[in-house]
Amino acid sequence: MTTLARFPRLRLTQAPTPLEALPNLSRLLDGPQLFIKRDDNTGLALGGNKTRKLEFLLGDALAKGATHIVTQGATQSNHVRQTIAAANKLGLPSTVLLEERVSDAHADYYSNGNVLLDQLLGADIETRPAGLDMNHELLAVGERLQAAGEVPYLIPGGGSNAIGALGYVLSAQELLQQSTEQALRIDHVIHATGSSGTQAGLVVGLQAANSGIPLLGFSVRAARDKQIENVTRLARQTWDLLDIRQPFDDSAVRVNADYVGAGYGIPTEGTLEAIRLLARHEGILLDPVYSGKAFAGLIDLIRRGHFRRDENIVFVHTGGAAGLFGYRDLLQPAGGVR
């Protein structure tokens, strides 16, 4: 397998994260056998997939003498929460930019969930209206901090660059090792794809290991062709960073964008159903922005007979349950508890 030992890395993830069967939901849907890779349990400030990326990003930051961490994301960003927590563990201050990407949301969206945790963790939080070039905004903050004598380290949204994607190359290796230990044949790997780093890392890791396992990302924001373009570009960059000799196979990048709904951060009815089904039948909490939408897509494909009953499907849970508290108006039964 591809070695990652030459890249600076911190140990932030409680790994390996569990690979669990979902027997109740598998029976309920009467389809393939479902399994879940619990990257919601990575351990850092309620966990999530970004912790794996931050191991390499903050390892790189320390190697470069950084004194201040800067990143950006949407208002209910899981990445921002985990980045602040990781910076705190290193004793480094952080500045985060929250883009008001979702308009006219319930008041909880702007003050509860990840926002509340960001405030508790103690970062310098700045907001930006929707529609700005957030990478440009990130650079501007970096220049401001540099002028004040800091050595800023800028992390793109979602931690999604080639260095961050290394975290999911490692995750793919971990998953393959677990499948060997459990004598589990994996026929498909499914997950939510947004900023592209998770899918890019997974597809590189699975391809570099010659696993032959198809990977499907359910887009939570971009149209299919655009998301394929984004993931392919980052996967190639990650492939080159790892200096893998054989050419990268672009056809391995597969995206379904049929379940985005009205847009980023706006749950569909299928999303809400998926959240309730997994909670009530397996005791596992999905989130309303990423994993809920992806699992809704998986459920619909199962109901439509897209997969054979004898197949084994692994869903990579990228975390984000903290975001549920920002969507109380959609998730709480009318009238609450009596």
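Colleague: Which residues line the second largest pocket?

Modeller: In this predicted model, I275, R276, A279, R280, L285, A321, L324, F325, R328, L331 and P333 line the second largest pocket. Residues are numbered from 1 along each chain. Because the model is predicted, totals for linings use all residues, whereas local features need pLDDT of at least 70 and side-chain atom pairs pLDDT 80 or more.

Colleague: What makes a residue part of a lining, and what is a pocket?

Modeller: On a 1 Å grid over the protein atoms alone, a pocket is an open set of points where a 1.4 Å probe fits, with protein on both sides within 12 Å along at least five of seven lines, and a lining residue has an atom within 4 Å of a point.

Colleague: Which elements give two or more residues to the lining of the second largest pocket?

Modeller: They are α10 (269-282) and α12 (328-331), and α10 supplies the largest share, four residues; helices here are DSSP runs of H or I with at least four residues, and strands are E runs of at least two.

Colleague: What lines the largest pocket?

Modeller: The largest pocket has 32 lining residues, with Q72, R101, G157, S195 and R221 nearest its centre, and its lining divides into nine nonpolar, 16 polar and seven charged residues. Its largest share, six residues, comes from α9.

How values were computed: Heavy atoms only, no water. Nonpolar A, V, L, I, M, F, W, Y, C, P; charged D, E, K, R; others polar.
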